Amino acid sequence: LDATHFLGKDPVPNLRERQQFVGAGLHVVSDHEVEGYTSVRGGWNNGDAYTVYFSLQSDRPFTASIDTDSQRAMLQFADTLVGVKVGISYVSTQKARKNTESADLETNEGAPDQKPERTYPQSKEAAAGFEPSALYLRIDDLNTPMYEKAKRVLDIFEGRTPVIFYLTNTKRKVKAPSAMWVSLNDVMIKELKHQLGDSNVAVK
């Protein structure tokens with residue numbers, strides 16, 4: 001488990017389309033849970049550093065060996081098949097932990113040849129059999145912090161549901177490129193509402 005990992009390493013500060021490492025740390029909460037954070041700057045967000053907090057939980061106990069700077073850990077399991085879920089948040093590790101509560105771990109007992117898929121809990125609309133046409137996000141404009149906040153969340157949940165931005169400054173709708181389309185789930189919706197406000201997120 002490496003909390004220092006990030007994309008686009010480059011030694012030149014503030015170089016666009018590259019990220020620079022700022023800081024990281026992790027803490028073993030129990031033999032079933034690890035929490036921590038990673039801070040980077042640069043890339044498409046060429047401004048101040050931002051932090052992603054995480055909470056990792058497993059359905060099997062582990063022993064952990066942590067390096068001296070508390071940024072990397074080796075988790076060793078006695079079992080060969082382990083269920084793991086990870087919650088993230090841009091607010092705190094407590095929020096990240098809460099985001100794991102709606103995701104149940106599947107033990108996959110009796111199926112040693114099956115690899116658990118990386119899945120997220122369905123959104124309420126999908127669970128009810130409603131097929132939404134798009135995710136609508138209301139923001140001021142595309143060149144605002146609200147857009148950057150939304151994009152950070154959308155980038156995590158790649159899928160086939162279109163994303164439509166309603167720009168309040170110009171009162172127009174803009175369809176996001178397909179690379180920003182998402183897979184709807186309650187974790188994503190919850191984080192978007194936290195970042196943008198409940199009234200600015202809708203599934204239709």
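This is a predicted model: local features need pLDDT of at least 70, side-chain atom pairs count only at pLDDT 80 or more; totals for chains, interfaces and linings use all residues.

**A guided tour by selection**

Begin by selecting residues 107–121, where pLDDT stays under 50 and for which the model has 19 contacts beyond four places in sequence. The chain averages a pLDDT of 79, and 76% of the residues score at least 70. Next, select helix α2 (residues 124–127), which has the lowest mean pLDDT among the elements of the chain, 50. Then move to β7, which has the highest, 95.

Now show the whole chain as a cartoon. How many helices and strands does the secondary structure come to? There are four helices and 11 strands. Of the 204 residues in the chain, 41% are buried. Among contacts with a separation of 6 or more, 59% are between residues 24 or more positions apart.

**The nonpolar cores**

Select L135, L137, L154, F165, M188 and L192. In the largest nonpolar core, which has 28 residues, these touch the most other members. To see where this core draws its residues from, colour β7 (135–139), α3 (145–154), β9 (163–167), α4 (186–196) and β11 (201–203); these are the elements that give two or more residues to it. Another core, of nine residues, lies apart from this one, and A3, V34, F62 and A73 are among its members.

Return to L137 and display its surroundings. Neighbours within four places in sequence aside, L137 is in contact with A150, L154, V163, I164, F165, Y166, L192, L196, N200 and V201.

**Helix α3**

Select α3 next. Is this helix largely enclosed or largely open? Seven of its 10 residues are buried, so α3 is largely enclosed by the rest of the structure. To display the buried residues of α3, select M146, Y147, A150, K151, R152, V153 and L154.

**The cavity**

A search of the whole structure finds one cavity of 30 Å³ or more. The largest cavity has a volume of about 40 Å³. Which residues line the largest cavity? Select I88, N99, V153, I156, F157, V187 and E191 to display its lining. By class, this lining has five nonpolar residues, one polar residue and one charged residue.

Methods:
Residues are numbered from 1 along each chain as its sequence is written. Side-chain values use heavy atoms; hydrogens and water are left out. A nonpolar core is a set of buried Ala, Val, Leu, Ile, Met, Phe, Trp, Tyr and Cys residues joined through side-chain atoms within 4.5 Å. Buried means under 20% relative accessible area, exposed over 50%, partly exposed in between (1.4 Å probe, protein chains only). Contact means heavy atoms within 4.5 Å. On a 1 Å grid over the protein atoms alone, a cavity is a set of points where a 1.4 Å probe fits but cannot get out, and a pocket is an open set with protein on both sides within 12 Å along at least five of seven lines; lining residues have an atom within 4 Å of a point. Grid points are joined across faces, edges and corners, and a volume is the space filled by probe spheres set on the points. Ala, Val, Leu, Ile, Met, Phe, Trp, Tyr, Cys and Pro count as nonpolar, Asp, Glu, Lys and Arg as charged, and the others, Gly among them, as polar. pLDDT is the predictor's confidence in each residue, from 0 to 100.
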